[in-house]
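The questions below ask how labels follow from cut-offs. Each answer sets a value against its definition.

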Amino acid sequence: KVGHFGTLDPFAEGVLMLGVAGAQRLNEYIHECLPKTYLAKGILGQSTPTGDLTVEPDHIDDSGPFKTVIPKLTLEDIQDKLGEKYIGEYWQAPHAFSAAKHKGKSLHKWAREGVEIIKEKKLRHIYTLEVVKYDFPHLWVRCSVSSGTYVRTLFSDCAKELGTIGVLESLLREEVGGCKLSNSLN
């Protein structure tokens with residue numbers, strides 16, 4: 001028997017832990033106790049229904065502040081703003097395009113049928129949030145989060161905190177607990 005410990009979005013890549021020969025029973029422990037670390041690359045000033053670039057942008061920020069204020073932000077400005085806001089407890093509802101279930105069916109299937117399901121927000125934790133690079137309009141963020149945290153939604157929330165909208169271009173899960181990408185099987 002083989003089981004996996006947590007899904008990855010279709011556009012994402014990185015560490016996916018597998019349990020074999022009965023170890024899949026550790027699933028609950030893995031989810032409750034081990035943080036996940038991601039490197040997210042996003043684009044400010046665009047948004048999509050999925051929160052990633054698997055579909056075309058449906059909103060573009062062409063406001064004055066986006067063109068004049070946000071390009072002048074420094075990496076340190078962004079780190080201060082986001083770190084202050086998001087480190088610690090974080091209430092988040094599952095993304096409409098996610099594997100979370102409603103009546104036994106994944107939310108992304110409901111969303112693709114045109115049915116929007118609003119789920120209650122759940123408490124998540126952001127252990128670290130580091131702004132790695134900023135090259136307007138691109139922003140790279142490394143975060144360590146509790147299981148169940150949707151990084152697409154977190155990035156969108158971070159963009160709102162900066163005064164705009166945002167979408168993920170890529171997502172790399174670098175670590176689950178102590179299991180790192182660097183010592184994983186490819």
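**Labels and their cut-offs**

Tyr86 and Tyr90 are both buried. The model is predicted, so local features need pLDDT of at least 70 and side-chain atom pairs count only at pLDDT 80 or more, while totals for chains, interfaces and linings use all residues. Residues are numbered from 1 along each chain as its sequence is written, and side-chain values use heavy atoms, with hydrogens and water left out.

Q: Why is Phe66 called buried?
A: Buried means under 20% relative accessible area, exposed over 50%, and partly exposed in between (1.4 Å probe, protein chains only). Phe66 has 10% relative accessibility, so Phe66 counts as buried.

Q: What makes the pair of Phe66 and Phe136 tilted?
A: Rings of Phe, Tyr and Trp (its six-membered ring) pair if their centres lie within 6.5 Å; planes under 30 degrees apart count as stacked, over 60 as edge-to-face and the rest as tilted. For Phe66 and Phe136 the values are 5.1 Å centre to centre and 50° between the planes, so the pair is tilted.

Q: Why is the pair of Tyr86 and Tyr90 edge-to-face?
A: The ring centres of Tyr86 and Tyr90 are 5.8 Å apart and the planes are at 80°, so the pair is edge-to-face.

Q: How do you know that the charged end of Lys133 sits over the ring of Trp140?
A: A charge sits over a ring if NZ of Lys or CZ of Arg is within 6 Å of the ring centre and within 35 degrees of the ring normal. The charged end of Lys133 is 4.7 Å from the centre of the Trp140 ring.

Q: What makes the contact of Arg142 with Glu130 a salt bridge?
A: A salt bridge is a side-chain nitrogen of Lys or Arg within 4 Å of a carboxyl oxygen of Asp or Glu. The closest N and O atoms of Arg142 and Glu130 are 3.8 Å apart, so the pair qualifies.
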